[in-house]
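Subject: Structure handover

Hello,

Here is the structure I said I would pass on. Please load the file before reading further; my notes come after it.

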Amino acid sequence: MDELLKISGLRITTLRGKETVRLLDRVDLSIRKKCSFGIVGESGCGKSITANAVLGLLPYPLRVSEGSIRYDSRAGEKELLKLSKKEMQAVRGEEISMIFQEPMTSLDPIFTVEMQMAEALSFHHPDLSRAEKRERSLEMLRQVNIPRPEQTLSSYPHQLSGGQLQRIMIAIALMNRPRLLLADEPTTALDVTIQAQILRLMNSLKEQNDTSIVMITHDLGVIAETCEEVAVFYAGQIVEQAEVTELFARTAHPYTQGLLRAVTSLGGASRMLYTIPGIVPPGGQWLQGCRFADRCDRCTERCRREMPALTEAAPGHLCRCFLHSEEVEA
Amino acid sequence: MNGGRDDALLRVEHLQVYFPVRRGLMRRVTGHVHAVEDVSFSVRPREVFGLVGESGCGKTTAGAAVLRLIEPTGGRIFFKGQELSALSEEAMRGKRRDMQLIFQNPYSSLNPRMNVWKLLSEPLRVHFRLSDAELRARVLEMLARIGMTEDQLERYPHQFSGGQKQRISIARALITRPSFVVADEPVSALDVSIQAQILNLMMELQQEMELSMVFISHDLNVVRHISASVGVMYLGSIMELGDTEAVYRHPVHPYTQALLSAVPAHDPTRKSSHIVLEGDVPNPASPPSGCPFRTRCPRCTALCAEQKPALTETEPGHFAACHHIA
């Protein structure tokens, strides 16, 4: 198949007391090979749990209640949700890797960089000698442009800066040449000049290694810089999805329009910024109709009653809004 | 420099803050972190001055030192013509009703055990002697201004969203009717759609209450929107200073140029015209000799290592600290 990862009808729930609360609602996504795919949305929209679900990393009491995640691995197609713990471990790092938001907290403070890099290698290749592992680690550090790689290998995390740590996290994630990299807000904790370095690095690694990247971020600027395709999440659903140039040129959903206007009106002619009134409704407090209805300036009576389906507004451009289609979500 | 403006409400001259580094059993001072090396600027009445820079450049420390929440190591601060750096602790406390601070993180800056009524009335009790009726009137007036209602008075911080919490902490800072506030990254912890709401509120209040403000942020777009003039900091020193539009449209310092070009554009057709800086910000405990930016500067020469460039005027009201600006 042409798709590397195919998520269909994914639904994630949690427990609040004895009540089951939905956090993600029937999300469909497919990531093509050698593609960089962006997931954008505000906090609490379900971006990170989608990525965590792919690797089976949802913390209790969160769980996948419905749906499937199919992955086209080197050894043939797999349904990730049906894998045993052991089979999943073989996928993590080797086939699919993840980098997390805060490089400062995702490395273990009591081990050197070398030990943490070697661990990732020996997990999948237990027969490698120490010297071979060191050689591979050095090579990876050079690939991510770490100055003085030998010295860095024997350093502890606290001796390195945030930008260096995130490079090391990327190096560890790419150690076993995975074919899919899930990057959950990889530059949010970093400064803009360092962010520019990391984004450039990720782009070039993707080209070199033929890795697909899923970039999760709240920053539309990062999406515009790095991704080919993008899905906009709102309240546990995809509300718009398209190629990046299409999405920015012909933004269809009022929520995406609002997000863009909120950031681009900064520094614009008008003193007052465009705002989307209200807040993202938390899981369990979603409206019956369109979940954006309360905050939308084009909301109609119908939007409050019925939920619009995610349909094509233009070829390849999906949007969940009655402005573009009459179809109702089943 | 623009510190020379006579009409300034606040004038900061060569502010310096060092923190001692202690080592060993005797906790002897073995060195200093040069958090703020040399910062001078001034804020006119009803003006918003933006202080922008990356993390660790000393902008927060500079803001706190202006209010003497951290004692400056050197330099002078004038507020309404009076030298703050010479005031006693006691006299400084009296000044604080006129000079307030808005914190970055509303999740940790509000006491979780105080309800809205207590949070908002506390500053009034500290600084004024008001009757119960007056107190209540002032609190309700402020509450209305931040778009909240009387029935929310009994609620506690955890019952509010991040945006509402930041409204409360803004109200808490402004309820004493100060003429000057330092706002330290007031929107950084918030989501994009909420950021715009809070920025609008801050701009409205700034106009209504005729506030002067030092607005500290790492977000270049936000600073551009809210401030009339701006200072760009790097490793404890101001690199460039001037009217916001002049600095953003025609940055002259190589650091400002790189910083501005690193901001992702919201336009996928205009990809990567970045000046990507190599390396990291040096450790402020052992800053480089000469120009603080020289270790990452594409235009660095021998002169930069020997001499620290002073802020010089390149155009009227526009200053930059670089040897290579004609």
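This is a predicted model: local features need pLDDT of at least 70, side-chain atom pairs count only at pLDDT 80 or more; totals for chains, interfaces and linings use all residues.

Overall build

Chain A contains twelve helices and twelve strands. Its radius of gyration is 21 Å, close to the 20 Å that the globule rule gives for 330 residues, so chain A is as compact as a globular protein of that length. Along the principal axes, the C-alpha atoms of chain A fill a box of roughly 70 × 50 × 40 Å. Of its 330 residues, 46% count as buried. If you look at contacts in chain A with a separation of 6 or more, 62% of them are accounted for by residues 24 or more positions apart.

Domains

Chain A is split into domain 1 (3-227) and domain 2 (248-319). The centres of these two domains of chain A, taken over C-alpha atoms, are separated by 29 Å. Where they meet, nine residues of domain 1 are in contact with eight residues of domain 2. On the domain 1 side, β2 and α9 of chain A each supply at least two of the touching residues. β2(A) gives the most, with three residues. By class, that side of domain 1 has five nonpolar, one polar and three charged residues.

A four-stranded sheet

β2 of chain A also belongs to an open sheet of four strands, in the order β2-β1-β4-β5, with antiparallel pairing. The edge strands of this sheet are β2 (19-32) and β5 (76-79) of chain A, each of which pairs on one side only. Direction ignored, neighbouring strands are turned by 10 degrees against each other on average. Within the sheet, strand β1 (residues 3-16) and strand β4 (residues 63-73) of chain A pair in the antiparallel sense over seven bridges. One detail to look up on screen: Ile12(A) stands opposite Val64(A) in β4(A).

Contact between the chains

How many residues does each chain bring to the contact? Chain A gives 37 residues and chain B gives 34 residues. On the chain A side, α7 (162-174), α8 (192-209), α9 (220-226), α10 (244-249) and α11 (254-264) each supply at least two residues. The chain A residues that touch chain B divide into 17 nonpolar, 14 polar and six charged.

Regards

Key:
Residues are numbered from 1 along each chain as its sequence is written. Chains are lettered from A and ligands numbered from 1 in the order in which they are written. Two residues are in contact if their C-beta atoms, placed from the backbone, lie within 7 Å. Ala, Val, Leu, Ile, Met, Phe, Trp, Tyr, Cys and Pro count as nonpolar, Asp, Glu, Lys and Arg as charged, and the others, Gly among them, as polar. Two strands pair if DSSP finds at least two bridges between them. Axes are lines fitted to C-alpha atoms, for helices over the stretch in contact, and angles run from 0 to 180 degrees between N-to-C directions. The radius of gyration is taken over C-alpha atoms; the globule rule is 2.2 Å times the number of residues to the power 0.38. A residue is buried if 20 or more other C-beta atoms lie within 10 Å of its own, exposed if 12 or fewer, and partly exposed in between; C-beta atoms are placed from the backbone. Domain bounds come from an automatic or database domain assignment.
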